[in-house]
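Please look through the sequence and the model, then read the notes by topic.

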Amino acid sequence: MQLSNVPMMILVVDDDRMIRLLLRRFLESCEHQVVEAASGEEALTLFAEANPDIVLMDMVMPGMDGIETAKQIKKMRDERWTPILFLTALDNEADLVAALSNGGDDYLTKPVNFPILRAKLSAFERSVMLNKRVHEQSIELARYQDRSREELRVAQHLMSRIVSGDKLADPFLSHWNSSAEFLSGDLMAAARTPGDVLYVMLADGVGHGLTASLNVLPVTQPFYTMTAKGFSIVEIAREINAKVRQLMPRDRFISAVLISVDMIASRIEVWNGGIPKVFVLDSSGAVKHEFNSKHLPLGILPEYMFDSKVEAYPINEDLRLIAYSDGLIEAGDEGGELFGHERLIKAITNCDVGHEVAAIQEAIVEHLQGHTHHDDISLMVLNCQRALFDEMRLKAKAEEDIVGDKLTPGWRFMLDLGPAELKRVNAIPLLIHVLDQMNVSRKQRSEVFLILTELFANALDHGLLFLDSAMKETLGGVDDYFDERAKRLHDLFEGRIKLEVAVIVEDGQNVLRLDVEDSGAGFDTTDVPDSSALIKVAHSGKGIALVRSLSKQVVFHPPGNHVTVDYVLNAVKV
């Protein structure tokens, strides 16, 4: 790095014009730039304007002398160093000490010995240039830090908006996130389907900080969009897997767990790809079930190899689900001992329902003893309580519901699905999307979704696939049922299902008529439970009881493969 022979800006301060002239000619012969001041006061002005690299200053001047001028210049200096070289005819030791103690960096006696001045300037020049370069780098570093802080601020704002924190306020859900750095590489999301099924997702990107946060961004949009339309968690997981593979580098993947809590069907479903085991506990804190990771993280497998199988567990009592990132159980104390599963379960065992997050936070703080955790920590607790769900349903029914006015009599929409479409297309979100364009109310949207889901499931599962719902009543039967369903659907090569949605006027009311017909043999409809059996029946038959409870009427047509359901929209406006 060449630092010598760099022209410097030099401020010459002397009340003697001849000395200033001699110094100027000498300095310019050395290829430096020169500004002159005839007094201390003028020197201060020129120092501020010219920002010199070195000051050559006479000690004895009328008015403000050299020492006082040096003091004022020192106050004006920023972080950059500007050496002051006194030129003096004084040889008193005390005066020289005073000069060096009050801002001077060196001195040279008059008459000026120019070879010595050249040598001193050369020595100062290297130091000045080094100091200037350090100062410039400091400014650049400060600018970089400002840009980084602004980028992080924007990223944090973006993450908070994408995560949709308001949806994490579901009454079933409590949660906690603690970042190892400014931004968390974990992401938590929650939303309800049109059928009031709660979906939650906990995703953990590779690493932590801003890079990990960017990894998990592709998972949010499919989760919220597809949940709102009523797609299953399997379909959402499959879509997110495709998104991650499409957008992220091959060495970036996302561990994730998706959980579905369906209080109407009394069923929990879990797809776990790389997240620590999800615990299911009863009200006392006893572990009833564990959902271990059965899949690779999202973004690793191509579409044709993606494993979409979910595990299911029945909700036969009030339950608690605990999902968390590995940063929780791997949080180590000063000695390296990990928090672990045992401490996690112990923290929950005796705590009151609804206080699980606080209990786990307290336990981990005690474990760490002030030591910092080195990975992001995320925790989600779902309290699946029947009384709470019933309360939510009653509250939703009581809320004022604005009825849309775009569904007018005569409106009709129909789908005719063959084996190929039934394997690939989830018809219910498609129908709900159509109804959304007609501006139906939120409550109507939810109830119609439930009715259509049940009717379509009956037509497909029982009409075409010949599945028996009684399978679900056995231990592990829910998993067996859906395994068999997937197998039979894969092997389906004939059969059709027709779905028709229309608006009619009946008894002075606008009615949404839902018509579902399959090409199967039908079934005996004489023993179908009515709506009063909704609470009593188990998995089999419960769906039809629910449909009856939401509808004006349900009519089965012989031989039992065709059903018509009337759902009241609103009174006809006169």
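Pro 559 sits in the loop between strand S19 (553–557) and strand S20 (562–571); helices (H or I, at least four residues) and strands (E, at least two) are DSSP runs, numbered from the N terminus. The bond joining Pro 558 and Pro 559 is a cis peptide bond, with omega about 5 degrees. The model is predicted: local features need pLDDT of at least 70, side-chain atom pairs count only at pLDDT 80 or more, and totals for chains, interfaces and linings use all residues. Residues are numbered from 1 along each chain as its sequence is written, and side-chain values use heavy atoms, leaving out hydrogens and water.

**Backbone**
- Another cis peptide bond runs from Lys 110 to Pro 111, with omega near -5 degrees.
- Pro 111 is placed in the loop between strand S5 (106–109) and helix H5 (114–163).
- Most residues other than glycine have a negative phi, and most peptide bonds are trans.
- Gln 369, which is not a glycine, has a positive phi of about 55 degrees, and belongs to the loop between H10 and strand S15 (377–384).
- Asp 507 has a positive phi near 55 degrees, in the loop between strand S17 (497–506) and strand S18 (509–518).
- Gln 369 is exposed, at 63% relative accessible area, and Asp 507 is exposed, at 66%; buried means under 20% relative accessible area, exposed over 50%, partly exposed in between (1.4 Å probe, protein chains only).

**Overall form**
- The chain has 16 helices and 20 strands.
- Its radius of gyration is 39 Å, well over the 25 Å that the globule rule gives for 574 residues, so the chain is more spread out than a compact globule; the radius is taken over C-alpha atoms, and the rule is 2.2 Å times the number of residues to the power 0.38.
- Along the principal axes, the C-alpha atoms fill a box of roughly 125 × 60 × 45 Å.
- Of the 574 residues, 49% count as buried.

**Helix H9**
- In helix H9 (residues 340–349), the buried residues are Gly 340, Leu 344, Ile 345, Ala 347 and Ile 348.
- Among the elements covering them are strand S11 (278–282), strand S14 (319–324) and helix H10 (356–368), where contact means heavy atoms within 4.5 Å.

**Cysteines**
- The whole structure has 0 disulfides, a disulfide being a pair of cysteine sulfur atoms within 2.5 Å.
- The sulfur of Cys 384 is 15 Å from the closest cysteine sulfur, in Cys 351, too far for a bond.
- Cys 384 is buried, with a relative accessible area of 0%.
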